[in-house]
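Please open the model in a viewer and keep the sequence panel beside it. The stops below are given in the order in which they may be selected.

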Amino acid sequence: MSSSDFVSLFRGGAGTGKSFTLYEVQRELQARGCTVLVVAPQRQQVMGLEKDGLENVETVSALLARRQMPYNAVVLVDEAGQIGGKQMHSLLRLVKEHHGRVILSGDTRQHGAVEATDALRAIEKYSGVEAVELTTIRRQNPALGKTKAERERIEQYKQAVADARDGNFVTSFKRLDKLNAIESCTFANQHEKLVARYLELAKQNQSCVVVSQSWNEIHNVNEEIRAALKMENRIGNDETGIAALVPVDLTDAQKRDARSYAPDSFLVFNRDVRGFKASESARMKAITDEHLIVENDSRAARIPFRQLGKVMVCQSKEMALSPGDRLQLKANGRSVENRKLANGELVTVKAVRPDGEIVLADGRTLDKNFRQFVRGYAVTSYASQGKSVDYVLFSDSAVKAATNNQQWYVTISRGKKGIHIFTCDKAELRENITRSGDRPLALDAVVEKKDSRTVAVRQIQAFLRERAIRQATENRRISNSMGMSM
């Protein structure tokens with residue numbers, strides 16, 4: 001609270017109550033007369049922070065686009081580990097220009113930025129700034145167990161998450177294996193076992209999410225779970241066919257190549273581009289040496305290659321929807337009621353209207369033109385980050401390159417009560433989770449000169465930080481004593 005540093009680091013491990021703590025930090029700073037802005041990389045995270053009671057919350061992109069903020073404000077940055085180098089540099093420069101300070105909150109042991117450079121990890125590793133850290137895990141709470149055996153099981157599950165957090169991945173694996181939470185399967189029966197466990201939890205009214213590493217695996221699991229739920233009458237019998245826009249994972253280079261597009265390809269706009277608004281879609285018509293040519297019912301436009309980062313390529317896929325179906329939204333937008341829709345959200349279908357509008361269980365309605373979603377029973381570990389459910393099911397796929405220590409830590413830490421892992425090769429899975437998910441930093445390629453000057457500079461920095469804290473503490477003591485005497 002009293003730090004005079006430009007940048008402070010706050011590390012909150014998975015399930016430690018980081019969002020609750022950020023709410024208290026904002027409240028206390030405001031009580032001290034500070035203006036506090038809160039930002040996060042994704043709209044879904046913004047909505048989560050607002051739900052937790054934080055104020056003045058927006059995306060990092062929105063703040064940078066506005067290029068304005070109050071002077072001397074404190075900027076709380078949640079999920080800072082998912083911010084790339086370019087965006088982090090722009091954010092720090094904006095805050096510095098307005099004489100503010102920044103609190104970077106995140107966990108570099110979980111999934112990092114999609115864009116180039118894991119900026120928070122670079123700051124942690126090379127800046128010399130020490131992080132304040134939350135270490136007590138609260139998500140896996142043994143008190144949730146109804147019996148002594150269940151409470152003991154949750155406690156061991158909690159310890160497995162702590163082992164992964166501390167880098168002891170093999171110990172984490174062994175602890176879960178001892179709990180019989182890791183089940184050996186064959187390629188033929190892996191999905192069958194997973195679906196049976198999902199149905200068992202659904203009958204117990206336990207919240208659950210399935211995590212896997214590849215989209216091909218996710219699509220297959222989604223369809224098999226839905227078919228099983230329908231057989232058990234856990235979703236409605238009435239079906240309505242709609243044409244969903246399913247994302248295709250393409251790099252900007254692949255977006256320039258005509259071979260990347262199918263006849264039913266669409267572009268979905270993540271930001272306003274050439275007259276198209278964010279979340280609008282348009283059919284792909286042609287490609288030139290410098291543009292994509294697209295059109296919808298209201299307009300046509302040429303999209304320059306330099307703006308390809310603002311569009312997502314999708315394919316039209318016929319999908320049957322019934323009341324009770326779970327979907328994962330794949331674009332930001334607004335509901336018919338003008339409420340926020342966030343990319344990555346898991347939502348439940350209540351009804352499909354004759355005009356094509358989709359009514360959700362939470363009271364929002366998807367416009368008939370909002371079709372950017374996939375089934376939401378199974379998701380990637382990246383999409384699961386930040387979510388909390390009673391149980392998590394991990395479907396270990398054949399794509400072993402996708403498994404690493406970050407994926408393991410994020411996946412196993414989502415559950416409150418337990419996890420069940422289905423794998424065709426326990427030994428290989430145990431080996432793969434020890435692989436680092438960290439990308440090399442440019443700074444790693446520079447030979448660090450550990451001479452006396454470097455040591456001296458860091459000692460001076462530590463001394464100045466300690467002196468500033470002592471001075472702030474003394475100033476508060478004097479101010480309080482003066483107030484009492486008056």
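Contact here means heavy atoms within 4.5 Å; axes are lines fitted to C-alpha atoms, for helices over the stretch in contact, and angles run from 0 to 180 degrees between N-to-C directions. Helices (H or I, at least four residues) and strands (E, at least two) are DSSP runs, numbered from the N terminus. The model is predicted, with local features requiring pLDDT of at least 70 and side-chain atom pairs counted only at pLDDT 80 or more, while totals for chains, interfaces and linings use all residues. Residues are numbered from 1 along each chain as its sequence is written, and side-chain values use heavy atoms, with hydrogens and water left out.

In what order do the 6 strands lie? The order is β3-β2-β4-β5-β1-β6, in an open sheet with parallel pairing; two strands pair if DSSP finds at least two bridges between them. β3 (57–59) and β6 (131–134) are at the edges with a single partner strand each, so one side of each has no neighbour in the sheet. On average, and with direction ignored, neighbouring strands of this sheet are turned by 25° against each other.

Select β2 (residues 36–40) together with β4 (residues 74–77): these parallel strands are joined by 4 bridges. Val 38 has Leu 76 in β4 as its bridge partner. Helix α1 (residues 18–31) also packs on the sheet, where it touches β1, β2, β4, β5 and β6, and its direction makes about 165° with that of β5.

**Helix α5**

Just after α5, select Gly 128, which takes a positive phi of about 85°.

Now display the strands β7-β24-β23-β8-β22, given here in their order in an open sheet of 5 strands with parallel pairing. β7 (182–184) and β22 (378–380) form the edges; each has a single partner strand, so one side of each lacks a neighbour in the sheet. Here neighbouring strands are turned by 25° against each other on average, direction ignored.

Within this sheet, β23 (residues 389–395) and β24 (residues 415–423) run parallel and are joined by 6 bridges. Phe 394 has Ile 421 in β24 as its bridge partner. Helix α6 (residues 148–165) lies across β23 and β24 at about 70° to β24. Helix α8 lies across β7, β8 (208–212), β23 and β24, and runs at about 175° to β23.

**Two helix pairs**

Residues of α8 including Leu 194, Val 195 and Tyr 198 meet residues of α9, among them Val 221, Ile 225 and Leu 229.

Then select α7 (residues 169–178) and α12 (residues 405–412), which pack at about 40° with their axes 11 Å apart. These helices are therefore oblique to each other. Phe 169, Ser 172, Phe 173 and Leu 176 in α7 meet Asn 405, Trp 408 and Ile 412 in α12.

**Antiparallel strands**

Select β11 (residues 281–287), which is antiparallel to β10 (residues 265–269) and joined to it by 3 bridges. Val 268 has Ser 281 in β11 as its bridge partner. With β12, β11 forms a hairpin that has 3 residues between the strands.

Leu 327 has Val 347 in β18 as its bridge partner, and Leu 329 stands opposite Phe 373 in β21.

Conventions: Parallel < 35°, antiparallel > 145°, perpendicular 65-115°, else oblique.
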